[in-house]
Amino acid sequence: MNKQNRRAFLQVSTVALASGLGPVAALRGGVTADDLVSNLSVAQVAPTVPANEGKQPLRLGLILGIGRDPHDAIAKVHDLGFPTCQAFLEEIDPVLAGRLREALNKYQIEVTSLVVGGPGREVWDFYGGPLTIGLVPRETREARIAHIKKASDFAKQCGIAAVQTHCGFIPENPNDPVYKETVTAMRDVAGYCKRNGQNFRYETGQETPIALVRAIQDVGLDNQGVNFDLANLILYGKANPVDAIELLGPYVQGIHAKDGLWPTNPKELGQEVPIGKGKVDFPRIIGRLKELNYRGAVTIEREISGPQQVEDVRAAKAYLEKLIG
Ligand code: MG
């Protein structure tokens, strides 16, 4: 996520789709997976995702805010021609669960994960981020654990198989007390999701890939996965996603197809740009996902609002469809 508040963006994105779409008529590398797994002494084999069984691998999706009108949001996903979405929900209101379920049935859309953040302020940069994002900051940790558990119950009501969040700037130093506290918090929420029959997914961005793999292994539960945001690793200057997939590959259960540029100023994140205009090597990433027999969705994320967002999403969809074949 760039400077914008993620929750605000995602809420706006629904509005943007609505305003940008107009009438409905306007819509319409060489290494095998076995090699990888055997080479990965650092990585355990990730859990299977029963929700992928019988479904097309690399099916496209869109991340968007559900707001107070699940029907409207899911109609947008359908009208843009996506079979899946990731649903961001700011307010966990059980009343919305019934409406969301109805909309999903009506449009036959699969929600591949429920995305949560907050409560409280989150600042998407190098200075405010470590103080405000995810389960790392002590001040908001208990409230966020409670929020994620509430989201897990909501996801269960809707039949959504995974809950997803940013855990924050997980300390690189495993001896740091904050690292240990964060791992304990991650185990708490991942364990809760496990008891609800769900996977818990970490969205990449604020931490290095090896720090995330280390934390996952220290949590030690078999229902953990990664939502691999391809651009975030670049925006935060943490890794090239083509390299990161060698570490994260066995855990990847979701993808954010997003593009971006490296930071040019160490005080600011890099810039998010339309897919194909940034530093993410999509042909290599898609090729690698195929080699790894990745079965999940590829979810487009574009962090602007307004009609241009819809145009960029459409262009990204066409670009990825060609690559995926
Ligand atoms: Mg993302």
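**Helix packing and the metal site**

Mentor: Helices H3 and H4 cross in a right-handed sense. Please keep in mind that this is a predicted model.

Trainee: How do the axes of H3 and H4 lie, roughly parallel or roughly antiparallel?

Mentor: The axes of H3 (residues 70–79) and H4 cross at roughly 25° and come within 8 Å. Angles under 35 degrees count as roughly parallel, and H3 and H4 are therefore roughly parallel to each other.

Trainee: And which residues meet there?

Mentor: From H3, the contact involves Pro70, His71, Ile74, Ala75 and His78.

Trainee: What about H4 and H6, at what angle do they cross?

Mentor: The axes of H4 (residues 94–107) and H6 (residues 138–158) cross at roughly 30° and come within 9 Å. H4 and H6 are therefore roughly parallel to each other. Their crossing is right-handed.

Trainee: Which side chains or backbones are involved, I mean, which residues of H4 meet H6?

Mentor: Pro94, Leu96, Ala97, Leu100 and Arg101 in H4 meet H6 at Phe154, Gln157 and Cys158. The classes here are six nonpolar residues, one polar and one charged.

Trainee: Staying with H6 for a moment, is His147 buried or exposed?

Mentor: His147, which lies in helix H6, has a relative accessible area of 12%; under 20% counts as buried, so His147 is buried.

Trainee: What does it touch?

Mentor: Leaving aside residues up to four places away in sequence, His147 touches Glu90, Ile92, Val116, Gly117, Gly118 and Pro119.

Trainee: New topic: which residues are the protein donors of the magnesium ion?

Mentor: They are Glu203 (OE), Asp229 (OD), His256 (ND1) and Glu301 (OE), at 1.9 to 2.2 Å from the ion.

Trainee: How are those donors spaced in sequence?

Mentor: The pattern of the magnesium donors is E-x25-D-x26-H-x44-E. Glu203 lies in strand E5 (residues 199–203) and Asp229 in strand E6 (residues 224–229), so this pair ties together parts that are 26 residues apart in sequence.

Trainee: Are Glu203 and Asp229 buried or exposed?

Mentor: Both Glu203 and Asp229 are buried.

Notes. Residues numbered from 1 in each chain as written. Predicted model: local features only at pLDDT ≥ 70, side-chain atom pairs only at ≥ 80, totals over all residues. Heavy atoms only, no water. Axes fitted to C-alpha atoms, helices over the stretch in contact; angles between N-to-C directions. Helix = DSSP H or I, 4+ residues; strand = E, 2+ residues; numbered from the N terminus. Parallel < 35°, antiparallel > 145°, perpendicular 65-115°, else oblique. Left-handed = near helix turned anticlockwise from the far one by under 90°. Contact = heavy atoms within 4.5 Å. Nonpolar A, V, L, I, M, F, W, Y, C, P; charged D, E, K, R; others polar. Donors = N, O, S within 2.8 Å, 3.2 Å for Na, K, Ca; no water. Buried < 20%, exposed > 50% of the residue type's maximum accessible area, 1.4 Å probe, protein only.
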